[in-house]
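The following exercises are intended for a reader who meets this structure for the first time.

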Amino acid sequence: MTITKQAPSSLTQHGPHLDRFKGQVAIVTGGASGIGEATCRRLHAEGATVVVADVNGERAQAVADSLGQNAVAQQFDAADVSSIERLVLGSIERFGRLDVLHNNAALTSPALQAQDTNAIDIDFGIWDQIMGVNLRGYLAGCKYALPTMIAQGSGAIVNTASTGAFSGDITRMAYTVSKAAIIGLTRQIATHHGKQGIRCNAVAPGLVLSAGSLANVPNVIAVMQRHLLTPEIGVPDDLAALVCFLASGEARYINGQTYIADGGMLAHNPAMADLVDLAAQHA
Ligand SMILES: NC(=O)c1ccc[n+]([C@@H]2O[C@H](COP(=O)([O-])OP(=O)(O)OC[C@H]3O[C@@H](n4cnc5c(N)ncnc54)[C@H](O)[C@@H]3O)[C@@H](O)[C@H]2O)c1
């Protein structure tokens, strides 16, 4: 028997399921870059009216302009609760409803991450700054979105956590704790409001090639790749596909869950890559 090797499946083979979000309104925070931008593009391609929300208003505008009709940019700062209130309530006033909230913005700058060290050295100001954007910002998004979603009898919230929530690391103390707390926040929202028609789930990306991750880990990408169980490193579209599935009616029986998309990084023995090298030496 001859076995024909197939090319790895490409993203273009798995395009948007048109119309899953027709007539729906979605807000994506951190929508100007990376995973958020890819999610804006996919939601829009599948019929949603999308609010591209980001602290970088210029870049958010460029994304909204490139999408065209049914996309608007909104500058806001996730560190500022009143700014989040204006984003959410303003979008609801403008479009008359809110179906999807993707809480995704996070502080990813290398300069800040360099100060996000360990329990002994971390400055409480840095801790508060990271928790403010990465965690309180997500709570605030939920706080202002939920009353409208409950009144509608439906709404889907998808929070971006990280695989950092599941394993220790030698960097990013506050970032990692904020991402673990997002999993708790996700379960709490689902438990409090599931019976009112609200679904709240989280995605936990591993390494995904975005502006944020490339700025932080350019020289560790090859190291990380050795530990993946997939041929390729993930790209923002891989996460957008998962976010949109969880936000869509196809996931109607899924609530309070966190889905890992990390190329299998957390699925295996942490020593795997070293053991493969060892086996090669003795072969
Ligand atoms: N890329 C990865 O490898 C990876 C891995 C795990 C988790 N994540 C998470 O995925 C999410 C998106 O990350 P990304 O890699 O696409 O990052 P990115 O840096 O490409 O995008 C993040 C966006 O958030 C915006 N933002 C930052 N601070 C903000 C604020 N105060 N208010 C509003 N917007 C703000 C930025 O302007 C940027 O557009 C983040 O929550 C990140 O923690 C990413």
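The model is a predicted one, in which local features need pLDDT of at least 70, side-chain atom pairs count only at pLDDT 80 or more, and totals for chains, interfaces and linings use all residues. Residues are numbered from 1 along each chain as its sequence is written, and side-chain values use heavy atoms, with hydrogens and water left out.

**Exercise 1. The ligand and its shell**

Task: Describe which residues come nearest to the ligand and what the shell around the ligand is made of.

Solution. 
- Step 1. A residue is near a molecule or strand if one of its heavy atoms lies within 4 Å of it. Of the 31 residues around the ligand, the nearest are Ser-33, Asp-54, Asn-104, Tyr-175 and Ser-210.
- Step 2. Polar contacts come next (pairs of N or O atoms within 3.5 Å; within protein, one must be able to donate a hydrogen and the other to accept it, and residues adjacent in sequence count only if both atoms are side-chain atoms). A nitrogen atom of the ligand lies 3.2 Å from a backbone N or O atom of Val-55. Oxygen atoms of the ligand are found 2.8 Å from a polar side-chain atom of Thr-108 and 3.5 Å from a side-chain N or O atom of Tyr-138.
- Step 3. On its own the ligand has 830 Å² of accessible area, and the protein covers 90% of it. Such areas come from the Shrake-Rupley method with a 1.4 Å probe; for residues, only the protein chains shown count as cover.
- Step 4. Helices (H or I, at least four residues) and strands (E, at least two) are DSSP runs, numbered from the N terminus. Two or more residues of the shell come from each of helix H1 (34-45), helix H5 (124-152), helix H6 (173-193) and helix H7 (211-216). H7 gives the largest share, three residues.
- Step 5. By class, the shell holds 17 nonpolar, eleven polar and three charged residues. Here Ala, Val, Leu, Ile, Met, Phe, Trp, Tyr, Cys and Pro count as nonpolar, Asp, Glu, Lys and Arg as charged, and the others, Gly among them, as polar.

**Exercise 2. Helix H1**

Solution. 
- Step 1. Buried means under 20% relative accessible area, exposed over 50%, and partly exposed in between (1.4 Å probe, protein chains only).

**Exercise 3. Thr-160**

Task: Is Thr-160 buried or exposed, and which side chain does it join by a polar contact?

Solution. 
- Step 1. Thr-160 belongs to strand S5 (residues 155-160). Its relative accessibility is 4%, so it counts as buried.
- Step 2. The side chains of Thr-160 and Asn-104 are joined by a polar contact of 2.8 Å.
- Step 3. Contact means heavy atoms within 4.5 Å. Not counting residues up to four places away in sequence, Thr-160 touches several residues, including His-102, Tyr-138, Lys-179 and Pro-205.

**Exercise 4. Positive phi in loops**

Task: Locate Asn-70 and Arg-172, and state the phi value of each.

Solution. 
- Step 1. Asn-70 lies in the loop between H2 and strand S3 (71-75). Its phi is near 65°, positive in a residue other than glycine.
- Step 2. Arg-172 lies in the loop between S5 and H6, with a positive phi of about 55° although it is not a glycine.
- Step 3. Asn-70 counts as partly exposed at 46% relative accessibility, and Arg-172 counts as partly exposed at 23%.
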